[in-house]
Number of protein chains: 2
Amino acid sequence: MRRKEFQVENATDIKEFLASMSFGFLGTSGSDYPHITPVNFVYFEDAVYFHGARAGQKMKDIAGSEKVSFAVAREFALIPSYFSDSEIACPATAFFKSVLIYGRAKIVESLDEKARVLTAFMEKLQPQGGYVPLDPADPKYKELKSVSVVKIEIESMTAKFKFGQNQKEEKWNAIAGQLEKRNEPGDAETVENMRKTCPFGEL
Amino acid sequence: MRRKEFQVENATDIKEFLASMSFGFLGTSGSDYPHITPVNFVYFEDAVYFHGARAGQKMKDIAGSEKVSFAVAREFALIPSYFSDSEIACPATAFFKSVLIYGRAKIVESLDEKARVLTAFMEKLQPQGGYVPLDPADPKYKELKSVSVVKIEIESMTAKFKFGQNQKEEKWNAIAGQLEKRNEPGDAETVENMRKTCPFGEL
């Protein structure tokens, strides 16, 4: 996953991908081992936010070191070896999008900021509405005080979208054709992403 | 995600979940920040294995410290707040399965072991076959020498399956009923998992 040909520089593409994903993986430095926690998140005002209870390993870790990483990935399709080679297993691979962020985790203390962030959360994950607007002055939302909201101030963000850009044209065509033929859930979307990232120009 | 009521002790349930998931997130200790890399994996002979090129950040990190974490998670359903509460947004949640492993990463050097592990990989991710069996003596597979295979020797493995076990019976029933009514992809499977983990006995 380190090859440069998969790197995405277009910020709009990266943000669209983050908006489409409901959860990611927070990396914190524990006592001895790195610690990973899956969390729902929202990318909002150029930062990543997540929330949770005040207790728990990730909050302890952040209190110890605010330097965190955050990864989001989706596998679009497993690509069998025989899509491009009739003999050996080595070409078996997966097409995916992934984003890796490094940053500093900061506890959000302001009730107004918490309400704004959690509103962005709800707009992302429950766009159909169906709740009273979040308002720190509303006694129904007194729980806002006890929920922890954490902001990751982003220091770097890189993305890789791997959709066969490293293939020779003949193999690329074979894979796209086989995906169209297989037509399992996600395959059409995978071919669409292959076309968007195609290294051979317009097809 | 730290509540004890979501913890799974049944090893078969955990292994079945790991077998159903094609990729996970490797946590390594970088120079300054924890580092996360999504990787395809196989759980095989009580260890986690992944492979990749010899170069790259994760291999550098492992050379510095073999203490790693590995996380696998799947979100089964977003549960809107109004499934259990007509007013406030707070009950909005997600039902998921997650596994967190701590262990030691060891580079696999033996070509025979590499071939066995990569065979297990193929059997998991390409069960339909369609390739010549992996054999270190076969010149077609001379690439076996240059691919890195890493074993995570597991020191601890914990799992959380969150499917509403913390809900009161009335809310639990409301959520299960609404999921059945909504019937989006994954919803039927979510209800099945709710029933399996139901805290109120047989339903």
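1. Chain A contains five helices and eight strands, where helices (H or I, at least four residues) and strands (E, at least two) are DSSP runs numbered from the N terminus. Read from the N terminus on, the elements of chain A follow the order β-α-β-β-β-β-α-β-β-α-β-α-α. Along the principal axes, the C-alpha atoms of chain A fill a box of roughly 65 × 45 × 25 Å.

2. On the basis of the numbers: this is a predicted model, in which local features need pLDDT of at least 70 and side-chain atom pairs count only at pLDDT 80 or more, while totals for chains, interfaces and linings use all residues. Residues are numbered from 1 along each chain as its sequence is written, chains are lettered from A and ligands numbered from 1 in the order in which they are written, and side-chain values use heavy atoms, with hydrogens and water left out.

3. Of the 203 residues of chain A, 50% count as buried; here buried means under 20% relative accessible area, exposed means over 50%, and partly exposed lies in between (1.4 Å probe, protein chains only). If contacts in chain A between residues at least 6 apart in sequence are considered, 72% of them join residues at least 24 apart, contact being defined as heavy atoms within 4.5 Å.

4. How many residues of chain B are in contact with chain A? The contact involves 55 residues of chain B and 55 residues of chain A, and the two chains bury about 4,600 Å² between them, 63% of it on carbon and sulfur atoms. Buried area is the accessible area (1.4 Å probe) that two parts lose on being put together, summed over both. B:Tyr33, B:Pro34 and B:Ile36 supply 15% of the area that chain B buries against chain A, more than any other three residues.

5. B:Ser81 belongs to the loop between strand E6 (67–79) and strand E7 (93–108) of chain B, and with a relative accessible area of 0% B:Ser81 is buried. Not counting residues up to four places away in sequence, B:Ser81 touches A:Met122, A:Gln126, A:Gly130 and A:Tyr131 from chain A, together with B:Ile88, B:Ala89, B:Pro91 and B:Ala92 from chain B.

6. In chain B, the axes of helix H4 (residues 169–182) and helix H5 (residues 187–196) come within 8 Å and cross at roughly 155°; axes are lines fitted to C-alpha atoms, for helices over the stretch in contact, and angles run from 0 to 180 degrees between N-to-C directions. H4(B) and H5(B) are therefore roughly antiparallel to each other, given that angles under 35 degrees count as roughly parallel, over 145 as roughly antiparallel, 65 to 115 as roughly perpendicular and the rest as oblique. H4(B) passes H5(B) in a left-handed crossing, that is, the near helix is turned anticlockwise from the far one by less than a right angle.

7. In that pair, B:Trp172, B:Ile175, B:Ala176, B:Leu179, B:Glu180 and B:Arg182 of H4(B) meet B:Asp187, B:Thr190, B:Val191, B:Met194 and B:Arg195 of H5(B). The residues of this contact of H4(B) with H5(B) divide into six nonpolar, one polar and four charged, where Ala, Val, Leu, Ile, Met, Phe, Trp, Tyr, Cys and Pro count as nonpolar, Asp, Glu, Lys and Arg as charged, and the others, Gly among them, as polar.

8. In chain A, the axes of H4(A) and helix H5 (residues 187–196) likewise come within 8 Å and cross at roughly 155°, which makes H4(A) roughly antiparallel to H5(A). H4(A) passes H5(A) in a left-handed crossing.

9. Most residues other than glycine have a negative phi. A:Asp46, in the loop between strand E4 (42–44) and strand E5 (47–52) of chain A, has a positive phi of about 60° although it is not a glycine, and at 53% relative accessibility A:Asp46 counts as exposed. A:Asn183, in the loop between H4 and H5 of chain A, has a positive phi near 55° and is exposed, with a relative accessible area of 54%.

10. B:Gly52 is in strand E5 (residues 47–52) of chain B and is buried, with a relative accessible area of 15%. The C-alpha atoms of B:Gly52 and B:Ser148 are separated by 5.3 Å, although the two residues are 96 residues apart along the chain. Leaving aside neighbours within four places in sequence, B:Gly52 is in contact with B:Val147 and B:Ser148.
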